[in-house]
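I would like to take you through a few places in one model, so please have the sequence and the structure open as I talk.

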Amino acid sequence: MSYREQWDSDSGFILAALGSAVGLGNVWRFSYLAGENGGAAFLVVYLVCVAAIGLPLMLAELAIGRTAQLEATGAFARLGGAPRWRLAGVPSVIGAFIVLAYYPVIAGWALRFFVEYLAGGPGTLSGEAAERHFLAFIGSATPMFWQASIVLASLLIVRGGVGHGIEAANRFLMPLLALLLCTLAAYTLSLPGSWAGVSFVFAPDWSALGEPGVWLAALGQAFFSLSLAMGALLIYGSYVPSSRRLPLPALAIAIGDTVFSMVAGLMIFPAVFAFGLDPASGPTLAFITMPRVFAQMPGGIAVGAAFFGLLVVAAITSTISLLEVIAAFLMENLGMTRPRASLLASVAGFLAGVPAALSFGVLAQVRLWGLGVLDAMDRFVSNLLLPLNGILIALFVGWIWHAAEARRESGLRPRLAACWHWSIRWLAPCLIALILLHSLGLLGAAG
Ligand code: TRP
């Protein structure tokens, strides 16, 4: 077999995987979902989903990759012991491709705002002007340009390879991200009136726990935020040398990602409350509500530039892992070189994302399940494809992969390994199925 790339160091692998996990999901998606689903109650449900389902599945996915040392479809075929198991890797690759299509669109919006704030632009916008400004932008064709810029930046990194491209980029970008986030959170927490935002994040309204919709949103978010079930952790795991253990990296990634979301909440909600705005404003929270916040804030233009810069950096470190899933699929199955495979994946991802980029403009009339193209892609992946694929991966690891080997490859001590195997076998699939069925209204009591 030909030479296969690996990470240069353990810390490089953890940073890269954390870079994949930390993204728009932590800032843009987490905050608006928390805003819509009861604030702190959502956080509680979310933590349960991460601990009970996310973490065991993350370890499973990393272990599949590290054991097989192959991309997703090849990995399932090898561990399943028959070529037909290749099919089990297909939903992961499809999921990665759909997200690769629409994710750079949103990242592109952030990039354009970043550039605008750098130029001192929309800092003067308040009230309805902020909304008009954003809607006019996404209603035009220019989002395609910004989307293309994000894809191009990711391509340049992925083209550089695992160590010199992906690992090196994360080593630089992740500390930058942490610095931006902490600075912004410290600043917004110092604003008068910001503590209402803190209690919104940390004082639960327990009635939300009884609503299946909240559980599905939290489960979908756990999958999305941890980059699960899309082949991304699997491919990153496949570049880990066989001698390395995975449990601590998995724990570090899950905790790091969750802490990041919580601090992002502490950056956004205090600011929203300090200026008396609505926390439940949905997907536009980051792009309409936040600019209104910045307009009223002392130093708002600099803060706005930092905020959107943070979104861009977070999004790029995630986009590269999506691109890597597709590029590795092409390299290992079609024998393409890395430069070719990454270019082809980028172009295909960009083209597939064009309808999402135009879904608030010329394609605004196109509705899928009552949603615009971009929202439909996001909803379809997070609330349906990811949970279903999560069940598939859990069942594969629990029942198809040879049990003794799976336990050994998990890297856990025997007793913990048995617990993990049990939860992958029974708990995770049952819980995911329960939440899925409930929220589809198939088990009656849907709220
Ligand atoms: N975790 C990313 C975020 O929070 C989004 C994401 C989901 C992702 N699945 C992925 C990123 C797979 C890379 C690969 O924004």
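Before I point to anything, a word on naming: a helix here is a DSSP run of H or I with at least four residues, and helices are numbered from the N terminus. Please also keep in mind that this is a predicted model.

With that in hand, let me start at threonine 73, which sits in helix α4, residues 72-80. Is threonine 73 buried or exposed? Its relative accessibility is 2%, and because anything under 20% is called buried, threonine 73 counts as buried. Its side chain makes a polar contact, at 2.6 Å, with the side chain of glutamate 71. If we set aside neighbours within four places in sequence, threonine 73 touches Arg86, Gly89, Val90 and Val93, together with Phe329 and Asn333.

Next, a helix pair. Helix α2, residues 24-36, packs against helix α12, residues 247-274, with the axes 9 Å apart and at an angle of about 70 degrees, so the two are roughly perpendicular to each other. The crossing of α2 past α12 is right-handed. On the α2 side the contact is made by Asn26, Val27, Phe30, Ser31, Ala34 and Gly35, while α12 brings Asp257, Phe260, Ser261, Ala264, Met267, Ile268 and Phe269. Sorted by class, that contact holds eight nonpolar, four polar and one charged residues.

Finally, helix α13, residues 289-296, has Thr289, Met290, Pro291, Val293 and Phe294 as its buried residues. What do these buried residues of α13 pack against? Their partners are α5 (90-118), α6 (128-138), α14 (300-334) and α12.

How values were computed: Residues numbered from 1 in each chain as written. Predicted model: local features only at pLDDT ≥ 70, side-chain atom pairs only at ≥ 80, totals over all residues. Heavy atoms only, no water. Axes fitted to C-alpha atoms, helices over the stretch in contact; angles between N-to-C directions. Parallel < 35°, antiparallel > 145°, perpendicular 65-115°, else oblique. Left-handed = near helix turned anticlockwise from the far one by under 90°. Contact = heavy atoms within 4.5 Å. Nonpolar A, V, L, I, M, F, W, Y, C, P; charged D, E, K, R; others polar. Buried < 20%, exposed > 50% of the residue type's maximum accessible area, 1.4 Å probe, protein only. Polar contact = N/O pair within 3.5 Å; in protein donor to acceptor, adjacent residues only side chain to side chain.
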